[in-house]
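This report goes through strand pairing, nonpolar cores, aromatic pairs and a few single residues. Please keep the sequence and the structure in view while reading.

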Amino acid sequence: MKRLFLLSTLLFSGLAFVSCSSDDDSTSDNGGNGNGDGNTETPVATSITLASDVTTVDLGDTFTFTVMNDLDENVTTTSSFQINEMEATTSNTFTATEAGTYNVTATNGDLTSNTISLTVNDPVTAEPNSVFYNGVNYLIDNTALVFWGGYDPGETGAATHAYWSMVGFSGTVENIETAQNYIEIDFATELDSEGGIVLPNTTANTYIELFAMTLSGTEILSEGGANDDGNISFGSDITLESTTTDFIYASSIDGSAIGLDFDGTLIGVFDNSGRPSATLNTEVSFKQANRQSIKGLLK
């Protein structure tokens with residue numbers, strides 16, 4: 001009986017040993033994770049894609065690049081960029097020093113991206129005898145100077161300045177009411193010590209407002225729009241006999257710059273009735289009571 005018990009014990013111990021050995025082998029074969037799935041591998045990117053925030057800019061503006069891999073990871077900071085034949089750079093921004101077309105690729109490790117084509121344009125600049133607004137030039141063919149009367153900017157109760165409008169327009173004065181490009185700039189000159197009118201000149205002009213502006217037939221500022229941020233300066237003094245004028249005007253509307261550098265025809269100096277002025281009378285009422293549509297005066 002004892003011999004039978006001892007044999008049973010030895011048989012049970014052997015089976016337990018075999019079972020434990022089988023479990024150890026399974027654990028070892030599976031990298032120690034015990035789940036039977038084999039070794040776990042980290043995904044590896046196989047491609048990258050290059051993009052730019054914009055593809056066309058004016059000279060002086062900047063491109064910004066982004067590089068993404070096919071695992072949807074942003075790898076911009078570990079990428080380098082080849083721009084035309086320039087030396088590769090790790091900077092993901094690019095500002096060209098001359099206009100032209102630039103081809104850009106990115107590399108990240110052994111991966112090379114798609115090629116993107118970028119365009120850098122020469123910026124549009126103001127042309128003579130044109131209103132420059134929102135990057136476009138609008139031709140001005142002729143100008144006229146209108147005297148409105150006395151002006152009291154300090155509200156002293158008496159005229160201390162002469163009130164003027166410089167008018168610029170495309171086409172001829174006969175067609176001024178339908179001019180595609182039209183601008184009215186109001187300013188003042190201080191009266192002399194005897195209360196006489198001082199015509200616009202190279203030294204003493206006080207800007208008042210941009211009163212009206214139409215460009216390509218579209219009204220940008222209606223009459224009385226009262227844009228009072230600007231400056232006008234003359235390159236030469238105006239007389240009642242002047243047939244030309246040169247002046248520079250600068251202002252803005254809602255943050256968009258306006259410029260006019262004019263050197264050309266002055267069709268005349270007019271009073272507030274629209275008549276050419278051989279003499280000017282300072283006894284005319286203040287501007288506020290006499291300012292009206294110049295188009296109606298000069299047509």
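## The open sheet

Three strands make up an open sheet in the order 1-3-5, with antiparallel pairing. Strands here are DSSP runs of E with at least two residues, numbered from the N terminus (helices are runs of H or I with at least four). Two strands count as paired if DSSP finds at least two bridges between them. Strand 1 (48–52) and strand 5 (93–95) are the edges; each has a single partner strand, so one side of each has no neighbour in the sheet. From one strand to the next the twist averages 25°; for such angles, axes are lines fitted to C-alpha atoms (for helices over the stretch in contact), and the angle between N-to-C directions runs from 0 to 180 degrees.

Strand 1 and strand 3 run antiparallel and are joined by five bridges. Ile 48 has Asn 69 of strand 3 opposite it.

## Basis of the values

The model is predicted: local features need pLDDT of at least 70 and side-chain atom pairs count only at pLDDT 80 or more, whereas totals for chains, interfaces and linings use all residues. Residues are numbered from 1 along each chain as its sequence is written, and side-chain values use heavy atoms, with hydrogens and water left out.

Five bridges pair strand 16 with strand 17 in the antiparallel sense. Within this pairing, Ser 233 has Ile 248 in strand 17 as its bridge partner.

Strand 17 is also paired with strand 18, again antiparallel, over ten bridges. Thr 244 has its bridge partner in strand 18, at Thr 265.

## Nonpolar cores

In soluble globular proteins, nonpolar side chains tend to be buried together. A nonpolar core is a set of buried Ala, Val, Leu, Ile, Met, Phe, Trp, Tyr and Cys residues joined through side-chain atoms within 4.5 Å. Buried means under 20% relative accessible area, exposed means over 50%, and partly exposed lies in between (1.4 Å probe, protein chains only).

The largest core has 31 residues, of which Val 131, Trp 164, Leu 210, Met 213, Phe 247 and Tyr 249 touch the most other members. Elements giving two or more residues to this core include strand 9 (130–133), strand 13 (182–190), strand 14 (206–215), strand 16 (230–234), strand 17 (244–253) and strand 18 (256–270). Strand 18 gives the largest share, five residues. Another core lies apart from this one and has 18 residues, among them Val 57, Val 75, Ala 106 and Leu 111.

## Aromatic pairs

Rings of Phe, Tyr and Trp (its six-membered ring) pair if their centres lie within 6.5 Å; planes under 30 degrees apart are stacked, over 60 edge-to-face, and the rest tilted. The count by this rule is nine aromatic pairs. One of them is the tilted pair of Phe 65 and Phe 81, at 5.4 Å centre to centre and with 35° between the planes. Phe 65 is in strand 3 (residues 62–69) and Phe 81 in strand 4 (residues 80–83), so this pair ties together parts 16 residues apart in sequence. Phe 65 and Phe 81 are both buried.

Phe 147 and Trp 164 also form a pair, with ring centres 5.2 Å apart and planes at 55°, so the arrangement is tilted. This pair links distant parts of the chain, 17 residues apart: Phe 147 is in strand 11 (residues 142–151) and Trp 164 in strand 12 (residues 161–169). Phe 147 is buried because its relative accessible area is 3%, and Trp 164 is buried because its value is 0%. Elsewhere, ring pairs link Phe 187, Phe 234, Phe 247 and Phe 262 into a cluster.

## Positive phi in two loops

Most residues other than glycine have a negative phi, and most peptide bonds are trans. Asn 134 has a positive phi, near 55°. Asn 134 sits in the loop between strand 9 and strand 10 (136–139) and is exposed, with a relative accessible area of 51%.

The phi of Glu 155 is also positive, near 55°. Glu 155 belongs to the loop between strand 11 and strand 12 and counts as exposed, at 72% relative accessibility.

Thr 101 lies in strand 6 (residues 100–108) and is partly exposed, at 47% relative accessibility. Contact means heavy atoms within 4.5 Å. Leaving aside neighbours within four places in sequence, Thr 101 is in contact with Asn 84, Ser 117 and Leu 118. Thr 101 and Asn 84 are 17 residues apart in sequence, and their C-alpha atoms are 8.8 Å apart in space.
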